[in-house]
Amino acid sequence: MTVTITAFERSPDGGQGLSRDTRVRWALEEVGQPYGVRLVSFQALKEPAHLALNPFGKIPTYQEGDLALFESGAIVLHIAERHAGLLPADANARARAIAWMFAALNTVEPPILELVTAKLLESDQPWSKERLPLVAGRIRDRLHQLSARLGDADWLDGGFSAGDLMMVSVLLRTRPSGILDEFPTLAAYVARGEARPAYKRAFEAQAAINTAKPPGP
Ligand SMILES: N[C@@H](CCC(=O)N[C@@H](CS)C(=O)NCC(=O)O)C(=O)O
């Protein structure tokens, strides 16, 4: 069945691969599922046709026959459950891989997003300069813990899984701030993710759309 996802017509990151369609593209590439992409403008995200797919007016969405999904985590989990390659066969290992997906989205990503919000939306506030180090500190706390758990392993729990795909995708968002490079173990982990052929194909596909254009709003 044909799979169609949505992505920004013009990504605000100018093709760095930080928009959340990249993690969905990556999952589809890992499992060898062909897909189409419908590009959406910021304005179209808030129009009824897109809100019917994602009530919060965001990308990515995923359509496959009668099924329409939103939330990158739910989409990647769906792909991982339907195809071999992203979740282990052993039931307990599978549950742990899914736990790492949730950890990426629910424990590691929130402080990273908070820093983006603080920089983009609060920089004109008189308290902004004092708050930024606090927010960055919360990211560092999480990354210290994650780095300690990863240790010298290649991946979070045995072989590469959807948990790693999501964690690497989330950690990539700390690179522009320089924080990722403070954690050599995690920087190397992210580099291992980026070196995967499936990631490269996903990255290049989104870059082809975005690098030729000036950054969006
Ligand atoms: N939790 C959602 C977040 C989706 C999200 O924030 N998408 C961003 C792009 S990465 C977006 O569409 N932003 C446009 C907007 O908020 O207007 C997910 O993981 O899919």
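**Exercise 1. Compare the radius of gyration of the chain with the globule rule.**

Solution. With 217 residues, a compact globule would have a radius of gyration near 17 Å. The chain has 17 Å, which agrees. The radius is taken over C-alpha atoms, and the rule is 2.2 Å times the number of residues to the power 0.38. Along the principal axes, the C-alpha trace spans about 50 × 45 × 30 Å.

The model is predicted: local features need pLDDT of at least 70, side-chain atom pairs count only at pLDDT 80 or more, and totals for chains, interfaces and linings use all residues. Residues are numbered from 1 along each chain as its sequence is written, and side-chain values use heavy atoms, with hydrogens and water left out.

**Exercise 2. List the order of the elements and state how much of the chain is buried.**

Solution. Start with the elements. Helices (H or I, at least four residues) and strands (E, at least two) are DSSP runs, numbered from the N terminus. The chain has nine helices and four strands. From the N terminus, their order is β-α-β-α-α-β-β-α-α-α-α-α-α.

Next, burial. Buried means under 20% relative accessible area, exposed over 50%, and partly exposed in between (1.4 Å probe, protein chains only). Buried residues make up 46% of the 217 residues.

Last, contacts, meaning heavy atoms within 4.5 Å. Of the contacts with a separation of 6 or more, 69% join residues 24 or more positions apart.

**Exercise 3. Trace the salt bridges of Glu-109.**

Solution. The whole structure holds 13 salt bridges. Take Arg-20 as partner: its closest N and O atoms with Glu-109 are 3.9 Å apart. Glu-109 lies in helix H5 and Arg-20 in the loop between strand E1 (3-8) and H1, so the pair ties together parts 89 residues apart in sequence.

Now take Arg-173, which meets Glu-109 at 4.0 Å, N to O. Arg-173 lies in the loop between helix H7 (162-171) and helix H8 (184-194), so this pair ties together parts 64 residues apart in sequence.

Glu-109 is buried at 4% relative accessibility, and Arg-173 is buried at 19%. Arg-20 is partly exposed at 26%. Arg-20, Arg-23, Glu-109 and Arg-173 are linked in a network of salt bridges.

**Exercise 4. Locate the cis peptide bond and the non-glycine residue with positive phi.**

Solution. Most residues other than glycine have a negative phi, and most peptide bonds are trans. The bond from Ile-59 to Pro-60 is cis, with omega near 0 degrees. Pro-60 sits in the loop between helix H3 (48-51) and strand E3 (61-64).

Phi of Glu-71 is near 80 degrees, a positive value. Glu-71 sits in the loop between strand E4 (67-70) and helix H4 (72-82). Glu-71 is partly exposed, with a relative accessible area of 45%.

Notes
A salt bridge is a side-chain nitrogen of Lys or Arg within 4 Å of a carboxyl oxygen of Asp or Glu.
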